[in-house]
Every structure is written in structure tokens, then in C-alpha cells.
Amino acid sequence: MSTDRLFTGIGLRLFAIFCLASMAALIKLAEAGGAGLAEIMFFRQLAAIPIVVAFVALGDGLATLKTSRFKSHAIRTGVGLIGMVANFGAILLLPLAEAQTLAFTVPIFATILGSLWLKEATGWHRWGAVIAGFVGVVIVAQPGGGHFPLVGAAVGLFAAFMVASVSILLRQLTRSESAGTTVFYFSLLSVPLIVPFYIVDAQAHGIWVWALLIGIGVVGGMGQIALTAALRFAPVSSVVPMDYSGLVWATLYGWLLFGVLPGDWTWIGAPIIIASGLYIVWREHRLRRASTPTIGE
């Protein structure tokens, strides 16, 4: 792999994380302006569809949207929507930095699910990282300490679990489907499911809130596309560590827009969670390289 392609992949991943952190900030601003969760989810998915279609058309071509695995896309959509409810709920319930920190537990849950669901071999190295990660979660949340909404912590951890579940589903789905196709069907199939809740939740807003809602979809769609495109240029082990830059953006947005900085325990626990996630990614990369024969063998 050329250095140029590697840097392109890393750059796209960094841009994706910036977009998703920006989307989280827009979600909190829209909620402060009176928008409900169903409204936010509806515009997140609806406004993203044109962007995803354009991405597919300019890339693999619209013909790749044809699928023989509609049922698998429907299952992925259902699980993804539950995860989105929890993810957006955590953003609304918690300060941005704390919500982002709990999102870093996705590799931890992915390791657990990979072992239990896919029967992947998981040695003591990765189990040790899983335990360390949850120690970091306990440090951040400080159960019984009263400084951290435990409902928000539970929702944030459930969101990470659902995101890890989606990653397991996508690992199987993308064996035959392109990444653009999976993103397209998730956006398309989720809109009709959200509509009934949107009708109940919909209300009049000022032009600023409508702009925020549309921005959530546009920025979120761009972030999702950049996440997908990054993997065309660089391996997972190279780009996933860039995800932790999200804590920088979440901290900046929390401070600039809401006057909130992470608590002391978050500064202690977050590095432990990040280290455990990085170790899991590094360990998986090392094992894959060890099990893949080199050219000439």
C-alpha cells in the first residue's frame, strides 16, 4: 500500500470523525431549540439519502444498489435504528465529551460479540483489554458519585453495544454488498419506520432549527460516506485509531457551545478506555498478519 493512499485513508477518517462530532453538537443545539428525538432522527436519515445516492453514482454506479439480500438489509436497519435512538439519546442526556468517551467502548463490545456470536478465538490479551476498558468506564461514570447521570451512562453503553452489533452484521453483509449499498438501504429503509414517530413529534420551528435539522442529515451523511471511503485507501488497523480524535472535537464543542468541560474522572478514565480499544485493534491486526501468508510462501 502506497504512503499516499494510507494518508488519504487517514485523512478521510479524521474528516469523518469531525463530521460526526459536529453532528452531535448540532443535535444538542437542535434539541435546545425545541426539536424532539424523532424529528432529529427523521431529518438525519432523510437529508442523508441524496448525499449517499450521489456518492454511489459517482463511485461504483447506481447499478450496485440492486441487491438480493433485502432481508439482511432490513435486519441491519432495525438494529441500526435502535442503536441510533440510543446514540442520539446519550448525546442529549450527557455532555458531549462524556457521550463520546462511552462511544469508545465499541471495540470492547465488538470483541465480546465476536467471541460469543461469531465464535472468534479471543485470547487473554484481548480479554484483558476488555476488562481494562470497563474499569475505565467505571472510573468515568463513578456509580453512586452523583456527578454523572447513570441513565445517560446506561444509554451510552447500550448505544455502543448496538453499534458493535451493527459492525458484526456488516462484517457478514459486506461480503457480498458494497459499503455504499449498505449505507443507502439503511437510510432508505429507516425513513418509513421513523415517519409515524415523526408525525407525533413534529412541531413548528424557527428557520434556525430547521437549518440545524437539515444540517444534522447533511453532516451525518458526509461523515458516514467518509467513514466508508477511508477503508478504500487504508486498512482498518490504520484508520480506527483516528476515531479517538472525536474526544478533542467533543471537548471543544462542549466548551465553545455549551460552556461545559469534561469532569476530572473523565480525564482519568478516558485514556484507559482509549488504550484498551487501541490495544484490541492492534492485537487483531497482528493476529491477522500472522495468519496471512506472505507472497511467495
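This is a predicted model: local features need pLDDT of at least 70, side-chain atom pairs count only at pLDDT 80 or more; totals for chains, interfaces and linings use all residues.
**Exercise 1. Determine how many salt bridges a search of the whole structure finds, and which residues form them.**

Solution. The criterion comes first: a salt bridge is a side-chain nitrogen of Lys or Arg within 4 Å of a carboxyl oxygen of Asp or Glu. Residues are numbered from 1 along each chain as its sequence is written, and side-chain values use heavy atoms, with hydrogens and water left out. The pair consists of Asp243 and Arg13, whose closest N and O atoms are 2.7 Å apart. It links distant parts of the chain, since Asp243 lies in the loop between helix 11 (236-239) and helix 12 while Arg13 belongs to helix 1 (residues 3-32), 230 residues apart; helices here are DSSP runs of H or I with at least four residues, numbered from the N terminus.

**Exercise 2. Decide whether Arg13 counts as buried or exposed.**

Solution. Buried means under 20% relative accessible area and exposed over 50%, with partly exposed in between, for a 1.4 Å probe and protein chains only. Arg13 has 10% relative accessibility and therefore counts as buried.

**Exercise 3. Compare the span of helix 12 with the expected value, and locate its buried residues.**

Solution. The expected span is 1.5 Å times one less than the number of residues. Helix 12 (residues 246-258) has 13 residues and reaches 17 Å from its first C-alpha to its last, close to the 18 Å expected. Its buried residues are Gly246, Leu247, Ala250, Thr251, Tyr253 and Gly254. Seen down the axis of helix 12, these fall within an arc of 165°, so they line one face of the helix, the arc being that of the directions from the helix axis to the C-beta atoms. The face turned away from this buried side carries the exposed residues Val248 and Leu256. Just after helix 12, Gly259 takes a positive phi of about 65°.

Terms used: Helices (H or I, at least four residues) and strands (E, at least two) are DSSP runs, numbered from the N terminus.
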